Amino acid sequence: MLTHTHLPNSVFELELPAAYAKWLEDSSLSMNTTPANRAALAPWGYDAPGSSAGSDGGTFYESSDDDEGLPGRGAEQPEFPPVMPVLPLRDVVIFNYMIIPLFVGRDKSVQAVDAALNTNRFLFVVAQKDDQNEDPGENELYKVGMICIILRMLKMSDGRLKVLVQGVSRASMLSLDNYGPFLSARVEAMPEEDAGPLSVEQEALLRTAREESEKILTLRGFSVNDVMGVLNSVDDPGRLADLVAANLRMKVSDAQAILECMNPLQRLSLVIEQLTKEAEVASVQAKIQNTAREGMDKAQRDYFLREQL
């Protein structure tokens, strides 16, 4: 039975458990939070998804050149507790390795964070099907979510919490306990599938995802060098899919479909579909903006001529 105590009244910066810190180090993942990279991601629409544990923005993450220690490709994941507190999200889906700040306001969610902080700091974070539901039950939550670890917590003056979490592993919800002071679930981690040696099909999918991403950035008028440098360094289809999906604006149902897809090639194909749609939207928006700009320029010229006459 999970229990909880009162939260501190200030910033709670946490030291990672040794096993998890070692796994994270072995995974060769690092954050890049420079303004340039944040700006470069804006064309994908990852500006500020909100949620009841919504977020005020995301952190772009990148991989190092050394891919050998990635989870699912040699690095052994830490053991996760079979039962953990549940944090429902209204309109955002978290992907592997994604680091994101979340605002937590609902009483059960606050107590779920409280319980996690006083045990092992693991949460099962899962999207709810109806973002208007204030007290979602088992049937109102998706079955697949993300095991996250709390990296930092801030208690705000209005009673809400701001927590910084990182996605650790996909997981399926086996059962949900809705009778305590907060939601708790029995969950089972879903290990990442190995895509195997790089094939012609995989290379084609990787190139298509990168090219569509570059097209979107170019249409939005952003510099592509930093972002494309990151995308070009990732050769694992599943990892590239998660990296792009984490920074792409989508409906919850579309993001959830990507999250639930365990086959790396199929997952990247789903991401490419979303990239293609976004590229089409960006292209139309660029045409609209150009037309509007030309109309404004003509109106200004006409006004200037009338004033001169």
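1. Across the protein the pLDDT averages 77. Of the residues, 70% score at least 70.

2. Two stretches call for caution. Residues 1-13 have a pLDDT below 50. The model still gives this stretch 33 contacts beyond near neighbours in sequence. Residues 26-52 also fall below 50 in pLDDT. Where pLDDT is low, the predicted coordinates should not be read in detail.

3. Next, Asp242. This residue sits in helix H6, which covers residues 237-245. Is Asp242 buried or exposed? Asp242 has a relative accessibility of 2%. The cut-off for buried is under 20%, so Asp242 counts as buried.

4. Which side chain does the side chain of Asp242 make a polar contact with? The partner is Arg170, and the contact spans 2.7 Å, side chain to side chain.

5. Ile94 and Asp242 are separated by 148 residues along the chain. In space, their C-alpha atoms are 9.3 Å apart.

6. Now the cysteines. Cys148 has 0% relative accessibility, so Cys148 is buried. Cys261 has a relative accessible area of 10% and is therefore buried as well.

7. How many disulfides does a search of the whole structure find? The count is zero. A disulfide is a covalent bond between the sulfur atoms of two cysteines. The search found no such pair anywhere in the structure.

Conventions
Residues are numbered from 1 along each chain as its sequence is written. This is a predicted model: local features need pLDDT of at least 70, side-chain atom pairs count only at pLDDT 80 or more; totals for chains, interfaces and linings use all residues. Side-chain values use heavy atoms; hydrogens and water are left out. pLDDT is the predictor's confidence in each residue, from 0 to 100. Contact means heavy atoms within 4.5 Å. Helices (H or I, at least four residues) and strands (E, at least two) are DSSP runs, numbered from the N terminus. Buried means under 20% relative accessible area, exposed over 50%, partly exposed in between (1.4 Å probe, protein chains only). A polar contact is a pair of N or O atoms within 3.5 Å; within protein, one must be able to donate a hydrogen and the other to accept it, and residues adjacent in sequence count only if both atoms are side-chain atoms. A disulfide is a pair of cysteine sulfur atoms within 2.5 Å.
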